[in-house]
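Here is a short briefing to read with the structure open beside you. Take the topics in any order you like.

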Amino acid sequence: MVKFGLQFKATLENVTNVRALGEDFRWFLKLKCGNCGEIPDKWQYVTLVENVPLKGGRGHASMVQKCKLCARENSIDILADTITAYNAEDNETFKTMVQFECRGLEPVDFQPQAGFAAEGAETGTPFLEVNLLEKDWTDYDEKAKESVGIYEVTHRFIKC
């Protein structure tokens with residue numbers, strides 16, 4: 001088992017507490033088979049609400065898949081207690097937002113989509129429908145009477 005951390009980096013404008021919202025949040029990943037190196041073209045997602053038993057009674061994982069090239073069964077599990085928010089003080093620095101426990105897989109790419117939330121840095125105004133698919137998001141904080149945004153979203157994976 002190897003643990004990988006997904007590190008997030010963005011430029012925040014008047015927002016903080018950028019986070020994955022809810023247990024049904026979908027982490028869209030591209031996963032590489034550790035046995036043969038195959039990387040499927042399609043994005044796959046893992047979520048906390050999906051829980052699949054592993055063969056031989058070795059526990060559970062968020063996703064179990066069989067490699068189409070070498071037929072090896074691999075799994076990935078979201079470590080729920082590692083999910084954390086990206087805050088104003090993390091602005092423009094990499095921060096680990098979640099860790100995955102992988103058996104035979106390695107995450108190689110991440111695609112942020114809908115399901116993120118944030119709040120106004122000064123007002124605490126909730127923004128519950130943040131979509132980062134375009135790597136940028138903007139809105140307006142009525143309480144503060146100022147624009148808010150998340151820009152230049154990027155990521156990397158690290159071994160933990």
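**The largest pocket**

The residues lining the largest pocket are Leu 31, Cys 33, Glu 38, Pro 40, Lys 42, Gln 44, Gln 65, Lys 66, Cys 67, Lys 68, Asn 74 and Leu 105. Please keep in mind that this is a predicted model.

- The space in this largest pocket comes to about 220 Å³.
- Two strands, β3 (27-33) and β7 (63-66), each contribute at least two residues to the lining of the largest pocket.

**Overall layout**

- The protein is built with 14 strands and zero helices.
- The C-alpha trace spans about 55 × 25 × 25 Å along its principal axes.
- Of the 160 residues in the protein, 42% are buried.
- Among contacts with a separation of 6 or more, 59% are between residues 24 or more positions apart.

**The nonpolar core**

- The largest nonpolar core has 33 residues, and the members that touch the most others are Trp 27, Ile 76, Phe 100 and Ile 150.
- In general, nonpolar side chains in soluble globular proteins tend to be buried together.
- What does Ile 76 touch, leaving aside its neighbours within four places in sequence? Ile 76 is in contact with Leu 29, Leu 31, Val 46, Ala 61, Ser 62, Met 63, Phe 100, Glu 101, Cys 102 and Leu 105.

**Strand β9 and its partners**

- Strand β9 (residues 95-103) is mostly covered, with eight of its nine residues buried.
- Strand β1 pairs with β9 in the antiparallel sense, over seven bridges.
- To find your place in the model, look for Phe 8, which stands opposite Lys 95 in β9.
- Strand β8 (residues 73-79) also runs antiparallel to β9, and five bridges join them.
- Here a handy landmark is Leu 79, which stands opposite Gln 99 in β9.

**Cysteines**

- How many disulfides does a search of the whole structure find? The search finds zero.
- For Cys 70, the closest cysteine sulfur is that of Cys 33 at 3.7 Å, which is too far for a bond because a disulfide needs the sulfur atoms within 2.5 Å.
- Cys 70 is partly exposed, at a relative accessible area of 26%.
- For Cys 160, the closest cysteine sulfur belongs to Cys 102, and the 9.7 Å between the two sulfurs is too far for a bond.

**Pro 112, a buried loop residue**

- Pro 112 sits in the loop between β10 (105-111) and β11 (116-120).
- Is Pro 112 buried or exposed? Its relative accessible area is 2%, so Pro 112 counts as buried, the cut-off being under 20%.
- Pro 112 and Phe 28 lie 84 residues apart in sequence, yet their C-alpha atoms are 6.8 Å apart in space.
- Beyond its neighbours within four places in sequence, Pro 112 is in contact with Leu 132, Leu 133, Lys 135 and Val 153.

- As background, most residues other than glycine have a negative phi.
- Lys 135 is not a glycine, but it has a positive phi of about 70 degrees.
- You will find Lys 135 in the loop between β12 (126-130) and β13 (137-141), and it counts as partly exposed at 31% relative accessibility.
- Lys 145 also has a positive phi, near 55 degrees.
- The place of Lys 145 is the loop between β13 and β14 (146-159), where it counts as exposed at 64% relative accessibility.

**Thr 93**

- Thr 93 belongs to the loop between β8 and β9.
- With a relative accessible area of 39%, Thr 93 is partly exposed.
- Which residues does Thr 93 touch, not counting those up to four places away in sequence? They are Phe 8, Lys 9 and Tyr 86.
- The C-alpha atoms of Thr 93 and Asn 14 are separated by 16 Å, and the two residues are 79 residues apart along the chain.

Conventions. Residues are numbered from 1 along each chain as its sequence is written. This is a predicted model: local features need pLDDT of at least 70, side-chain atom pairs count only at pLDDT 80 or more; totals for chains, interfaces and linings use all residues. Side-chain values use heavy atoms; hydrogens and water are left out. A nonpolar core is a set of buried Ala, Val, Leu, Ile, Met, Phe, Trp, Tyr and Cys residues joined through side-chain atoms within 4.5 Å. Buried means under 20% relative accessible area, exposed over 50%, partly exposed in between (1.4 Å probe, protein chains only). Contact means heavy atoms within 4.5 Å. Helices (H or I, at least four residues) and strands (E, at least two) are DSSP runs, numbered from the N terminus. Two strands pair if DSSP finds at least two bridges between them. On a 1 Å grid over the protein atoms alone, a cavity is a set of points where a 1.4 Å probe fits but cannot get out, and a pocket is an open set with protein on both sides within 12 Å along at least five of seven lines; lining residues have an atom within 4 Å of a point. Grid points are joined across faces, edges and corners, and a volume is the space filled by probe spheres set on the points.
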